[in-house]
Amino acid sequence: MAVDMNMNVLIVDDYKTMLRILRNLLKQLNFNNIEDATDGSMALEVLRTKDIGMVISDWNMEPMTGIQLLREVRGDDKLKHLPFIMITAESKSENVIAAKEAGVSNYIVKPFNAETLKSKITSVLGEF
Amino acid sequence: MPTAKKTATRVTKPVKKAVAKKSAEKKAAAKKVGTTKARKAARVVGKVMKSVKGKAPKTSDLFAELEALAKYIQDAKKEIAALSPDEVKEDFLPTASGELDAIIEATADATNLIMDSTEIIEEVMSGLKGKNADQLMAATTSIYEACGFQDITGQRITKVVSTLKEIEEKVDDLVAVFAGNSTSQAKNSKKKAASKGKKEITDEDLLNGPQASEQAKSQAEIDALLASFD
């Protein structure tokens, strides 16, 4: 099935510049609708009020971290199947394992490039 | 008929005598054991003295050493007091934190300016087609990727700031020790002991920020780790 490039993609990061970078890179990949949030709790609000097709979230945020957001998403009947990509500077094995155990769809380590972003989105949504 | 009291007195006297005799025997035995122990101890001390003969310091030497040690501690106290821990805590550390925050702000401003310009290039580029458009697209993508440095350096600087805060706590401890108040030191020791005793990895343990490049896992290593779950 073709990927709907008009789906709402939610990007979550407490660094505004990173949100802007992600937004621009996603636009270059032809995603047209991008929502953003600066921490997990704000992201949850967006997820519960808007129809989101994929989440790309940072880990290290306050007050709600990316891993807490992921657990909330996987614990919510309406959201539990949502594709969720973690994009973070946390590169320790225990982080990757914790994210996988919490149900992450894929994991990108910062600094990243557009090619990695595209390949991880493809592995989660399919070719686009 | 003898009274109960008289009977009791008659019975008690020989018992008291017997008890006294037994107690004397016990004391004598204990003395003997004590003497034996003392003799053994004396033998051991004698052997030790023999073995260290010529090496053991004289009492006067020990006093001199202790005096020197006490003076050394006093001098160290004076030197640390001269460092003005309050100044370090109230002036130097906040200044350093402020400077680091300013670096984050400046790099964020610069990154946003770069992205403003890149977005303008993209707008102009949308009217182009062919090889030029592709080249410009590749260039703008590279610029966006490179702008990621601000996020990474920002996180690294935040790490340094939290290290400075830890140093501030240590300075607090130092001040408390010299003021004869060990409460905060005890608090910190308890905190450390509690964290040492932790076995499960908590969410807090997983917030480390960017790793040093030689320690950080590459995307390929992370992919392999994720794949191992399948």
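Start with helix α2 of chain A and select A:Glu45, A:Arg48 and A:Thr49: these exposed residues sit on the face turned away from the helix's buried side. Keep in mind as you look around that this is a predicted model.

Helix α2 of chain A runs over residues 40–49, and its buried residues are A:Gly40, A:Ala43 and A:Leu47. They cover an arc of only 55° around the axis, so they end up on the same side of α2(A). Why does that spacing work? An α-helix has 3.6 residues a turn, so residues three or four places apart point the same way. To see what this side packs against, show β1 (8–12), β2 (33–37), β3 (52–57) and α3 (66–74), which also belong to chain A.

Next, click on A:Ile21, which you'll find in helix α1 (residues 16–28) of chain A. Is A:Ile21 buried or exposed? It's buried, because 25 other C-beta atoms lie within 10 Å. Which residues does A:Ile21 touch, leaving aside neighbours within four places in sequence? Its contacts are B:Tyr144, B:Cys147 and B:Gly148.

Follow that lead over to chain B and pick helix α4, residues 131–147. Color its buried residues: B:Thr140, B:Tyr144 and B:Cys147. Looking down the axis of α4(B), you'll see them fall within an arc of 60°, so they line one face of the helix. Finally, turn to the face pointing away from that buried side, where B:Lys131, B:Asp134, B:Gln135, B:Ala138 and B:Ala139 are exposed.

Methods
Residues numbered from 1 in each chain as written. Chains lettered and ligands numbered in written order. Predicted model: local features only at pLDDT ≥ 70, side-chain atom pairs only at ≥ 80, totals over all residues. Helix = DSSP H or I, 4+ residues; strand = E, 2+ residues; numbered from the N terminus. Expected span 1.5 Å × (residues − 1). Buried ≥ 20, exposed ≤ 12 C-beta atoms within 10 Å, placed from the backbone. Arc of directions from axis to C-beta. Contact = placed C-beta atoms within 7 Å.
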